[in-house]
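Subject: Structure handover

Hello,

Here is the structure for your files. My notes on it follow below.

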Amino acid sequence: MKVCAAAAAEFAREFGGVPEGVWCAPGRVNLIGEHVDYAGGLCLPLALPQVTAAAVRRRDDGAVRLVSEGFAGASFGLLQPPKGRTGGWAAYVAGVIHTLDPPGFAGVDVAIASDVPVGAGLSSSAALEAAVALALAELYGLPVDDAGRAALAAACTRAENDCVGAPTGGMDQQVALRGLAGRALLLDCATGAVEHIPIDLESHGLALLVVDTDAPHRLVDGPYGQRRRDVEEAARRLGVTSLREVDTVAALDALTDPVLRRRAGHVVTEIARVRAAVAALRDDAPDRLGPLLDAAHRSLRDDFEVSSVELDSAVDAARAAGALGARMVGGGFGGSAIALCRATDVAAVAEAVTAAARERDLPRPKFLRAVAAAGARRCS
């Protein structure tokens, strides 16, 4: 609620008066299922309590004005639609407006506030997109039931792909709009189907610690896009529409390119790890998640090659300090890691991760506990 109030206050300072409403959407952390969304795979993210809020008021003069705490504002007119890559945080908002193209849209004022860490791999971009998308949907009469939210998520993904230039696969936007408190979101990226899986770590004396390494990642950079192209090329050479259709690692022997085989190997084994994680949660045995997280990190580090010295340092230190399992999360090349810990070990794990970063002269990490929260909603 503090973030929503901050957005409303920013709106009043910059635009005068009050917004028609304030909407918020969460960041996310992906428990498991990394770099498989664009391969038609399965992933298991959960929405975080940290949110981005958008205070919004319609206009009738064709102007679009955007402002955000801590960032330079932006404005444009409807006669100069924000097609293409406009750059900066405003590109995400402009892309959502352009992609949704709400009926009767004639301009808008938007003020943004957020406590989702930026550049930490916790999907601050999808939180921004989802908050604005839900606001526009409610103000302009678009459906906001679950099917409507699925459509909004798809529009947000297109906005990020086409207007921002980040080749993301859509997982972040889906959980930002469709997440439920106390549930991880099992997302089938091939069909768009979702299932809400209860996740109860607290009753087992466990906690999921997020480590923000303070090493920013940028998904518009070349390496992320290259990984996606590698996955798509591997599928093409195997004669399948997506790697989701490949059931066994042995089937990858047909790939003669060792790089493509490693990339495809990560995708196939990661989808299997998601299935195993879901089974563990359904059995109310979250301690079984630890080895899966460890295996996922090794695969991301060695086969997909998207880790970094900061992420490896955090994961190794967490494991050495007693974490049941740990891995990098998000697109990689920086950002955050997660560690599944006994609740009584959280402080010791955080201290060990901080000490390891200090010894290696790396940025000082930041920490938060991941708790499954609700998806996008109106907060005032």
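Arg 28 lies in strand β1 and Asp 172 in helix α5, so the pair ties together parts that are 144 residues apart in sequence. A salt bridge here is a side-chain nitrogen of Lys or Arg within 4 Å of a carboxyl oxygen of Asp or Glu. By this rule the count comes to 25 salt bridges.

Some ground rules. This is a predicted model, in which local features need pLDDT of at least 70 and side-chain atom pairs count only at pLDDT 80 or more, while totals for chains, interfaces and linings use all residues. Residues are numbered from 1 along each chain as its sequence is written, and side-chain values use heavy atoms, with hydrogens and water left out. Helices (H or I, at least four residues) and strands (E, at least two) are DSSP runs, numbered from the N terminus. Two strands pair if DSSP finds at least two bridges between them.

The six-stranded sheet

An open sheet of 6 strands has the order β5-β4-β6-β3-β1-β13, with mixed pairing. Its edge strands are β5 (71-77) and β13 (377-378), and each pairs on one side only. Strand β4 (residues 63-68) runs antiparallel to β5, joined by 5 bridges. Arg 65 stands opposite Ser 75 in β5. The two strands form a hairpin with 2 residues between β4 and β5. In that turn, Gly 70 has a positive phi of about 85°. To β6, β4 runs parallel, again with 5 bridges.

Contact means heavy atoms within 4.5 Å. Axes are lines fitted to C-alpha atoms, for helices over the stretch in contact, and angles run from 0 to 180 degrees between N-to-C directions.

The three-stranded sheet

This open sheet has 3 strands in the order β2-β7-β8, paired antiparallel. The edge strands are β2 (42-43) and β8 (194-198), each pairing on one side only. Between β2 and strand β7 (residues 183-188) there are 2 bridges. Leu 42 has Asp 188 in β7 as its bridge partner. Helix α5 packs on this sheet too, touching β2, β7 and β8, with its direction at about 135° to that of β7. Helix α7 (residues 258-282) touches β2, β7 and β8 as well. The direction of α7 makes about 50° with that of β8.

β7 and β8 pair antiparallel over 5 bridges. Leu 187 has Val 194 in β8 as its bridge partner. The hairpin of β7 and β8 has 5 residues between the strands, and Gly 192 takes a positive phi near 85°.

Helix packing around α2

The axes of helix α2 (residues 90-100) and helix α4 (residues 146-164) come within 8 Å and cross at roughly 120°. α2 and α4 are therefore oblique to each other. On the scale used, angles under 35 degrees count as roughly parallel, over 145 as roughly antiparallel, 65 to 115 as roughly perpendicular and the rest as oblique. The crossing of α2 and α4 is right-handed; that is, the near helix is turned clockwise from the far one by less than a right angle. Contact residues include Gly 95 and His 98 of α2, and Arg 158 and Glu 160 of α4. By class, the contact of α2 with α4 has 10 nonpolar, 3 polar and 2 charged residues. Ala, Val, Leu, Ile, Met, Phe, Trp, Tyr, Cys and Pro count as nonpolar, Asp, Glu, Lys and Arg as charged, and the others, Gly among them, as polar.

α2 and helix α3 (residues 124-139) pack at about 40°, with axes 9 Å apart. That makes α2 oblique to α3. Their crossing is right-handed. Among the contact residues are Val 93 and Ile 97 of α2, and Ser 125 and Glu 129 of α3. The contact of α2 with α3 has 9 nonpolar, 1 polar and 1 charged residues.

Best wishes
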